[in-house]
Amino acid sequence: QIQFDRIQKAVYTEPKDAYLEGLEVVPHVVGVDLDVEKAKSIFEAAEDGDTVRIPLVITEPEMTSEKLASMLFRDQLASYTSSLTSNEDRSTNIELSANACNDTVLLPGEQFSFNDVVGERTREKGYKAATAYAGGEIVQEVGGGICQTSSSIYMCCLLADLEIVYRTEHMYASSYVPLGMDATVSWGGPEFIFANNTEYPIKIKAWRHDGYLTVEIYGTKTDDSYVEMDYEVLEVLNYDVIYKEDSRVPAGEQWVDEGGITGYRVQTYKYRYDGDGNLIECVAEAYSEYDKCDEIILVPVGTLTLSPSPSPSEDPVVLPSAGLPETSEGEQSPELPGSDENTIDVLR
């Protein structure tokens with residue numbers, strides 16, 4: 001008598017899904033089983049001397065090796081593009097930092113540290129000195145401008161609904177991302193860190209092209225939900241105009257030494273929608289405080305003693321050295337109309 005129970009135990013293989021070890025796909029296992037009662041029935045119905053072929057029960061796992069491999073980096077989770085300024089040194093710094101981040105892969109649960117990935121910004125690596133704001137003064141700092149890279153990655157993380165571990169806003173509002181959606185960085189701190197809280201690996205793509213910086217994040221979407229960001233200005237801090245006497249200013253003229261910057265108190269919100277556009281939830285994402293910076297106008301010596309409120313000249317001149325400050329290694333304040341580092345603006 002054939003013992004089909006023993007045969008069943010010998011051939012039985014449990015189906016197993018393919019899975020990832022790092023970025024390597026561990027192959028799936030096909031399930032094998034024997035229907036004992038069906039095997040007995042087929043065997044008993046056969047004639048003596050017949051060769052009886054008993055079918056096995058084959059079970060394909062839900063996640064095959066091929067399916068899992070095809071899912072890796074299948075979907076674009078987020079994309080953000082911002083314009084570069086005309087300052088080539090600053091753009092070079094942004095390009096170098098973007099190249100350092102490009103093709104970075106994070107496994108589920110892993111964290112991305114901007115400073116760890118990009119490393120120290122040095123001249124030996126090709127970084128240039130560009131306008132930055134440090135210690136309350138406008139300075140030329142090696143690596144100036146790279147906050148546009150960190151902020152663009154932060155913007156993508158918000159849209160991809162990734163976990164933000166650590167982020168700090170700039171001292172002044174930046175022009176290359178919406179209010180409240182920037183992330184300042186500097187070697188030694190502040191830092192920008194986020195985590196891959198998805199079920200699959202994600203990859204950062206970042207590059208400079210023409211006059212733009214583009215950042216994209218790829219991964220695997222498990223549903224059709226999506227995120228939109230918005231912000232609320234809670235308070236506007238208007239800057240003051242401060243007049244200072246300066247012996248360089250000719251009689252009848254006045255020079256703009258430093259452009260004014262408006263300050264803000266901002267709350268950002270994350271809106272999650274399902275695939276049909278129905279709002280799932282709205283959550284408060286981050287609160288940001290941006291300082292104001294007073295406008296400084298230089299007037300001829302004796303003007304302030306003659307008149308407490310000097311009347312503006314017909315064509316105030318903006319000093320060539322005046323500019324919008326950046327903080328850390330690249331915070332850029334919102335640009336005044338017509339401002340450019342290679343020109344002298346004349347305000348009318």
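A pocket here is an open set of grid points with protein on both sides within 12 Å along at least five of seven lines, and its lining residues have an atom within 4 Å of a point. The model is predicted.

**Second largest pocket**

The second largest pocket has a volume of about 430 Å³. Its lining is made up of 17 residues; those nearest the centre are Ala 160, Asp 161, Lys 221, Asp 223 and Ser 225. By class, the lining of this pocket divides into seven nonpolar, five polar and five charged residues. Two strands each supply at least two of the lining residues: strand 14, spanning 226–237, and strand 17, spanning 263–273.

**Cysteines and Thr 131**

The structure contains zero disulfides. Cys 101 counts as buried because its relative accessible area is 0%, under the 20% cut-off. Cys 293 is likewise buried, with a relative accessible area of 7%.

Thr 131 belongs to strand 8, which covers residues 129–134. With a relative accessible area of 13%, Thr 131 is also buried. The side chain of Thr 131 makes a polar contact of 3.1 Å with the side chain of Gln 140.

| Residue | Relative accessible area |
|---|---|
| Cys 101 | 0% |
| Cys 293 | 7% |
| Thr 131 | 13% |

Definitions and conventions. Residues numbered from 1 in each chain as written. Predicted model: local features only at pLDDT ≥ 70, side-chain atom pairs only at ≥ 80, totals over all residues. Heavy atoms only, no water. 1 Å grid on protein atoms, 1.4 Å probe; cavity = no way out; pocket = protein on both sides within 12 Å on 5 of 7 lines; lining within 4 Å. Points joined across faces, edges and corners; volume = space filled by probe spheres on them. Helix = DSSP H or I, 4+ residues; strand = E, 2+ residues; numbered from the N terminus. Nonpolar A, V, L, I, M, F, W, Y, C, P; charged D, E, K, R; others polar. Disulfide = S-S within 2.5 Å. Buried < 20%, exposed > 50% of the residue type's maximum accessible area, 1.4 Å probe, protein only. Polar contact = N/O pair within 3.5 Å; in protein donor to acceptor, adjacent residues only side chain to side chain.
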